[in-house]
Structures are given as structure tokens and as C-alpha cells.
Amino acid sequence: MFHSTVHSFYLQETYDTIPGQNKITFLLQAIRDASAAEEVKQMAAVLLRRLLSSSFEEIYPGLTLEMQTAVKTELLTSIQQETSPNIRKKVCDIAAELSRNLIDDDGNNQWPEVLKFLFDSVNSDNVGLREAALHIFWNFPGIFGNQQQHYMEVIKRMLVQCMQDQENPQIRTLAARAAASFVLSNESNTALLKHFADLLPGILQAVNESCYQGDDSVLKSLVEIADTAPKYLRPNLEATLQLCLKLCADTNLTNMQRQLALEVIVTLSETAAAMLRKHTAIVAQSVPQMLAMMLEDDDFDSNAVAGESALDRIACGLGGKIILPMIKQHIMQMLQNPDWKYRHAGLMALSAIGEGCHQQMEAILQEIVSFVLLFCSDPHPRVRYAACNAIGQMATDFAPTFQKKFHDKVISALLQTMEDQSNPRVQAHAAAALINFTEDCPKSLLIPYLDSLVQHLHVIMVAKLQELIQKGTKLVLEQVVTSIASVADTAEEKFVPYYDLFMPSLKHIVENAVQKELRLLRGKTIECISLIGLAVGKEKFMPDASAVMQLLLKTQTDFNDLEDDDPQISYMISAWARMCKILGKEFQQYLPVVMGPLMKTASIKPEVALLDTQDMENISEDDGWEFVNLGDQQSFGIKTAGLEEKATACQMLVCYAKELKEGFVEYTEQVVKLMVPLLKFYFHDDILFVPLTVSRVRVAAAESMPLLLECARVRGPEYLTQMWHFMCDALIKAIGTEPDSDVLSEIMHSFAKCIELMGDGCLNNEHFEELGGILKGKLEEHFKNQELRQAKRQDEDYDEQVEETLQDEDENDVYILTKVSDILHSVFSSYKEKVLPWFEQLLQLIVQLICPNRPWADRQWGLCIFDDVVEHCSPSSFKYAEYFLRPMVQSLCDSSPEVRQAAAYGVGVMAQYGGENYRPFCTEALPLLIRVIQAADSRSKENVNATENCISAVGKVMRFRPECVNVNEILPHWLSWLPLNEDKEEAVHTFDFLCDLIESNNPIVLGPDNSNLPKIFLIIAEGVANESVKSEDACSKRLANVIRQVQVSAGLWTQCVSTLNETQQKAIQDLLNTA
């Protein structure tokens, strides 16, 4: 044995040094060597398949033609002559891999002999050859290339014939897998799926048979069909569901098989919810099945976990309207069962469906909560545990309603449960539920309970600290420390009185909890200290700040000894960022110590691998790998260890740049070099890998860009420009390629901010060209998505839940449209009219947005873009007036307030910036604006912003285009509409104009004998009180001067102030003090 290990190691060494073309010869010889041991031949076959899969282009085309023919012939001969079924199967895999690589760009299979071999073999009397043909076709169903349509009937006949092979069950199984594989590789070909629909009963029969032979491969194929081609199942959906339900309920099968059968139903609830909602009777039968699985308490391949997760997913997939009525009775019965296992499972089920049944449960929350709280004092600890779990879950799912309605009952129940000294797991769970509760609890609700909460937490903390010292138990202490942090985080400055109660013990834990098994406790305590510091503020925390920093620094120096997966790392990194928020500029001195480890963590490169199905069988997801299926028998895997930490570290770098500004300048260069490549983290040949953590990294990278530019400003324009050049290409490319709309909107937002920061000249011609193409693509995609949604509304499975999904997609799309508008805004405001020729490639698409038949959001954003054109590119903007003037006038009276607002803003900028050509338009718009302002419900919540924009626009027309309007007639009305309370930006314009009018002693504004002054005082006081006037605005000084002039005349002053209430008087005083 020893000898052969050395030998194989030696082989491996030599193998790697052999040139690729010789490898093929060498491996083929080994496979064909009749005298070689089976494992040697097997190894050679695996290596050859991998070689063709990973290095085909480098090796095969370089072989001579004879050599290529020899390889093909040898493979087919080997399949025909090989006696070992195992090796034969491996050689079939090689043949399939070679065919996959020999289909040219036009779809011709350059190995016609393999097709002839398939036809001959599938009709052969030799079972081994029939198996081989099916195996090759299963592995590469696209083997017919562009001949597929031509051979369609033959393929179908071949599959049907094999699925009916009475003598050989293994042929029936393989044929069913091959049929499934063919369906999957043609998932988008609706006609083909219809044509092959009559194969489904045979596939289902094979699923049933093979499961009882201990083989779940066909069942796995069925799961894949449910996932990617669910419509294929429609004609036999009833039968499919019945079969899966039967298998799932059969306790003679393995857990894995039962879970896979359930997976088919659950997957369909996600991929074809509308189709499944038509079969509610079967869904209703599957619900008790999931509940029954939750009662099976075994640790291995846990059915309980699978049942719970299935409930969660099916509730989210089909919606509460369907699921809650089906499950409510069952859960109620379980909760009344004398056997604790039923009560436990019932509570866990209730937690599981909360997210999916949100609306329906919200309606009966009162009855649910009162019922669940009873179980906090259940005789069995596992039931109390489940009750805490349900409360924690509801506190998150139904926040903040849950907190507002049930705070008194819930807090006291949890505090009582936390005293359960003999059951630490129950205590820990009660503490965890309390964390969920306080995280989303409005501060005002928590304050009355603060005293009692804090006292309880303190008593438990002290007791558990003793236990830690005496027995080494730490579970509850870890949770309690986090509960304290959460309470402090919500209570903020109200936590100051309790600060000294906790801080000494917490510091004590950090100093002394140094053993390896206490790493998590120590990490959570560090988090707790920093959160308390943030809550109570700098003044209270300052005396401890440097001691805490020293403790953290000490951990930091030992950082190099921490292992990469040490839980303290991410707690430390977040604690630093909080310390930075507390200390502000004073934190800068610690950067040299902090940045090393932070950069190291942010630079973690996760392991990735490209594997094919055969390799996949040896790796399981619980080794910390996550996989995404790329189709074509390939998977892409990423090792998730360290990803969380990496994402947190990137977010903290963003935090430092934001908090420290120029204080961070020393580090901008290395951070930019780290962040720019992360904009495309993690792609694999355009396949995006989607654990959430990965997108968090990309979001942080995007957010950091404008912040880093701000930090770098102090180094002067040249340094800044260099940094911008380093980012710019990558940002534009990322806008073009980012597939996740949440991340995309962040990238677009950051790009727009960068352009505003950098200003005119920051983009060269190539940038403009690429950006134009990308924005054009985004707008075209926007229209295309709307059409696709319209088409889905015509689908036979369309129902109101589908409509909800479509609405969500629509909102997503509109959000991207707002970002297109942001980018155009930043380009117009930086480049002014120079950029108009570039803009013309987008013009027709923007015009399309404002057509009267488009949805209101399209019209709103289309008008906003034209508003920018007028504001920044006038007078040249007038050459496009034919496209937008009419729609803009008509939109002033639109039924949608958002559209009215965009149109009114447009009138204002035309008056202010548009130039002579827009005069007639201002005249025409004025009466329309006034009509909107004077409408009965113009100040209602949904209308007020549009109305205030109309008021501001009227002001701008009087101020900048007085010749278009009878100012004396309109002014008194305009004064009566002030002040603007909602739209702060427009409020500033109106106050500026008001100052102009007062300073020029406008008789209409001041009134006869200054009789309007009290009214003006009221407007100013309201503006200050609403923060519409800020002390840094230029007009606040002018307003203060108006007030001071009145102060001189005592009588007038008394008259003006006496009409104001207390808040308003204070506002006037504040203005005088600050301006």
C-alpha cells in the first residue's frame, strides 16, 4: 500500500510536467491497457475527462488529423470492448465531453461517427451498449447540434422505447434521466416541451420505481425540472404532485428521498406559484405532511429542519391568503396536544410561516400573541424555548406594529422567562428574543421599561459572570451581553444613568476572557462596549475611551496570532468604526494600528472552484462551500469562510472615509486600489455568484468612490484627477455589467456623485461613448421589461399574486430609471450645453418616457430629465422645445402629483434660466399653476409637494419674468400661500424672493403702514421653526436684518411678536442669535 501511494505521488509529479498532447496519448493507453488495475484505468479516465473539459482549446486543435481521428475511434472502440461497467461509464463521460467541445459555432457536430454510434447502440441487443448511448445523451443532450430538429422524432422514439424496456430497470431509469436532461437543456423551447409532454408519465413512473431501488437520481432530475422548466410539468401537474406527496409520506424511504420529494412541491411554489395555486387541494394535503416531518426528531439529515424550511418557503411562495387557512387549524390542534413534541413543533411552524403569511397574520396578531405568550410558562423547557423563538421571530416580522401593540405583555413575559436559572438554553433564547424586540422598538416605547429591563439584565449578568468563573458556562452570558447592547442602542442618551452599572464588568470580561473558547463572548462584549459608548455619547464615554482603546489595541497587537475564522475579528472591526464615530477627528491617531488588519481582512480572497457534476458528488455544501449551477453539468463554487468578515471590513473602510474626511487622506491610495477591483466581485464569466455577502462587498466598493475623492481633495487637483482616472473606467463598466438591481442603483448613484465632485472635463470621449451606449441600453431595457410584464398579464396563470410580483419588478425598474436621471443630472450640471450633442442619442428614448400613455413614474422622470436640460443647458435647450413643451404644459394638471411636481419645477427653471424663447410659455403656464394651488385638496399629504413646487414656480415667474404676469395682482395671493413647509429647496427660493421684495420696500408686500409685517413675521418664524431656513443660508442673514429693523420701533415690534405663539417667538429669537 505504502509503495503504491509513493508511486501515485510520483506519477502526479511526472503527470504535471508532461506536455498536453502527450497526456492524451498516455491516458488513452492507460484506459485501453487490459492488464492495468481497475483503479489505474479509472484514474486515467477521470484525468482525461478533466483535461478535455479544462484545456480543450490549448491541446486538441494542435493534434494532427490522424491523432484526432485515432482519439475518436479509440474512445468508441473502448466503449464497445470494455467489460467493466464502471470504466465504460467513465469513458462515456469522456466521449460526451469531447462531443461538447466538437460542436462548432454553427452547431455542426464535427464528430458524426458518435451520432451513428448512438443510433446503433441504442438499438443494439447488448444492454451495456444501450446504457452507454443513454449515458452519453444524458451527459450531453445537445449532442445533435443543429441537426436536433431533424432528428426530433428519432430522439423521442429512442427515449420512449428505452423507458418501456420491461427486462432492464436500469435502462428505464437511465432513459428517464436522459429525457429529463433533454427537457432541461431545452427549457425555453416551448414547442419542444409540449411535444415531449407525453414522456412525463414515464419519467414519473421511473421516479417511483428507482426510489424503491434506493436510487434517487431520477427524483433529483424532477427537482431540477421543477426549478428550471416548471411549465413542462403543467399537463401532468396533478400526477406529479400526488407522486411527490406519496413518496414524502412513505417512512420506508430514506430521509433524503422524502426531502427531495417535498422539494419538488416547495420548488414549484417558488418557480410556478400561480400554476400551483390552481391545485390547492394537494397543497393542503402537503401542509400536514410538513408538520408531521417537524415532529420527527433525529439529528442526522434532519427531517424536522427540512419540514420547517419547507413551510417557510411555501408560505412565501404561495402567499398567506392560501397557506394560513390551510395551516391554522393544524397548528392550533398541535398547540393543545399533551405531548410536548407537538406543542414545540406547532410553535416552530408558527415562526416559520410569519414572513410568508405576513398580511394575514397581522390581522389576527392579537389572538396569536396572547396564545404564544402562554407557552413561555409551559412545563417543558423545549416548548418554552420554542415560544421565545416565536416571539423573537414575530418581533422582527411584524415590527414595529408588534412592539407598539404588545410591549407591556412581551417585555414582562421575556424578563420572567430569562430568570429560568435551571435551563440556560431557555434563558439564552429569551435574551435573544429580547434583542429582536428592542432592535425594532421605538425609543419612546422602551423608556418606561428601561429601569426594570436594566435591573433584570444586570442581575442575570452578575449571576452568569459568577457561573462563568465557577463552571465555565457562557451561553447565556453571550446573549445577555448582546441584549444589553441592544437596549443601550435603542435607549441612546437615556442609558447614561446605567452606564457605570455595566461598564466595569464589561471591561473586566474583555481583560480576562482570553481563552480560545471565550472568543465569541469577548467579541460580543467588545461590541457591547462600543455600542454603549455610541449610545451615551462622547462626554460620558470619554473617561473610559482611552482605556477601552488600549484594550482594543492590545487585542489588535495579538491580532496577528488570531486565526482567520476568529469571531473576534468582525466584532473588533465594527467596534473600531463605532469608536471612530464617537471620537471623530481624535480617532485619526489610531489609524496606523487599525488599518493594517482592516486592509488584510478586506483583502481576503475567497477560494473558488469550477467543478463538473462528477466532482460535485464528493463535495458537500456544509464544508463551507456554496454552489451555483451553471447548467451543462457544471457548477461554480465559492468558499464562504471569511466572506462575512470581508464585507464588514469593506463597510468599515467606507465609514472611516465618511467620518474622517481629509484625516483619512494617507490611506486613500491603498483603499482605492483595493476597492476598484471589488466593483466586480464576484463574477465568473458573467455568471454572478449571489450570496448576499458578496453583493455587500460590491455595494461598499461603490459607496467608497465619492467618499475617497472627498478625502483626497486636500492633496490638490492633480492627485484627485489621478485617483478619479483610476476609478472612472471601472465604475462605467460596472454600470454596464452589474446584474443585481440593488447593487446597480448604488453604483449609479456613486458615479453621479463622483461626476458632481469632479465637474467639467472629468469624462473623455471614450467615457462618453461607453456611458451613452450603457444608458441607452438601460432605457431600452426599461421599455422591454414593461412589455414583458404586459405579456405576463396575459398568461393563463396570471392572478393577483402575480400582479404583486410584477408591481415589485416595476418599482425596481423605476428605481434604476431614477438613477439614470441622477447620472444625466450630474453630467448636465457639470458640462452644461457642451454635452447636448452627446445627449441626442438618448433624446428619442426620453421623449418616449413622457408620452401620455406611459405610466406616471416614466413621465415624472422623463420630465425631470428635461427640467435638467432647461436648467443647465439654456438657452440652447430651446432647440428641443418641440419635444417637451406641450407635454410639460399638459402635465401641470396631471392626475399624478409626482408628474405635476416635475412639470411645475420645469416652469420655474424656464423662467429663471430658459431665456427669451420661453416667455410665451411662462405666460401660458401661470393660470394653470394657480389653478393647481387653489384646488380644494392641494395641501393634502399626497399633493403638498407638487403644490409647493407650483407656488415656487409662480414666484420665479414674477421674479425673473415679471413681464409675463401682472405681478401686483398675483403678489398678495402668493404671500398668502407662504411659507413652504415640505420642499426645503424650493422654500429657500421663496425666501430669497421675499427678501428682495422687502428690501426694495415693495408696497404690496409691506402693506399700507407696514400692516403686513405681522404676517411676514409669521412666515419667517414658521420657516425657521420648520428648518426651511437654515442658519448657513445666505437669506437667513437678510431675514434677521428685516427683524432687526422692526426691533428699532418698539410699537411695531410688539404688534408683530404678539401674534406669534411660543414656538414661533423662540424661532425668531434663534434666528437673531445665529444669523
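User: Which residues is Phe664 in contact with, leaving aside its neighbours within four places in sequence?

Analyst: Contact means heavy atoms within 4.5 Å. Phe664 is in contact with Leu591, Met595, Leu653, Tyr656, Ala657, Val671, Leu708 and Cys711, leaving aside its neighbours within four places in sequence. This is a predicted model, where local features need pLDDT of at least 70, side-chain atom pairs count only at pLDDT 80 or more, and totals for chains, interfaces and linings use all residues. Residues are numbered from 1 along each chain as its sequence is written, and side-chain values use heavy atoms, with hydrogens and water left out.

User: How many residues does the largest nonpolar core have?

Analyst: A nonpolar core is a set of buried Ala, Val, Leu, Ile, Met, Phe, Trp, Tyr and Cys residues joined through side-chain atoms within 4.5 Å. Buried means under 20% relative accessible area, exposed over 50%, partly exposed in between (1.4 Å probe, protein chains only). Here the largest core has 385 residues. Phe587, Tyr656 and Phe664 have the most contacts inside it. Helix H36 (residues 692-712) gives this core its largest share, twelve residues. Helices are DSSP runs (H or I, at least four residues), numbered from the N terminus.

User: How many disulfides does the structure hold?

Analyst: A disulfide is a pair of cysteine sulfur atoms within 2.5 Å. The structure holds zero. For Cys162, the nearest cysteine sulfur, that of Cys92, is 14 Å away. Cys162 is buried, at 2% relative accessible area.

Terms used
Helices (H or I, at least four residues) and strands (E, at least two) are DSSP runs, numbered from the N terminus.
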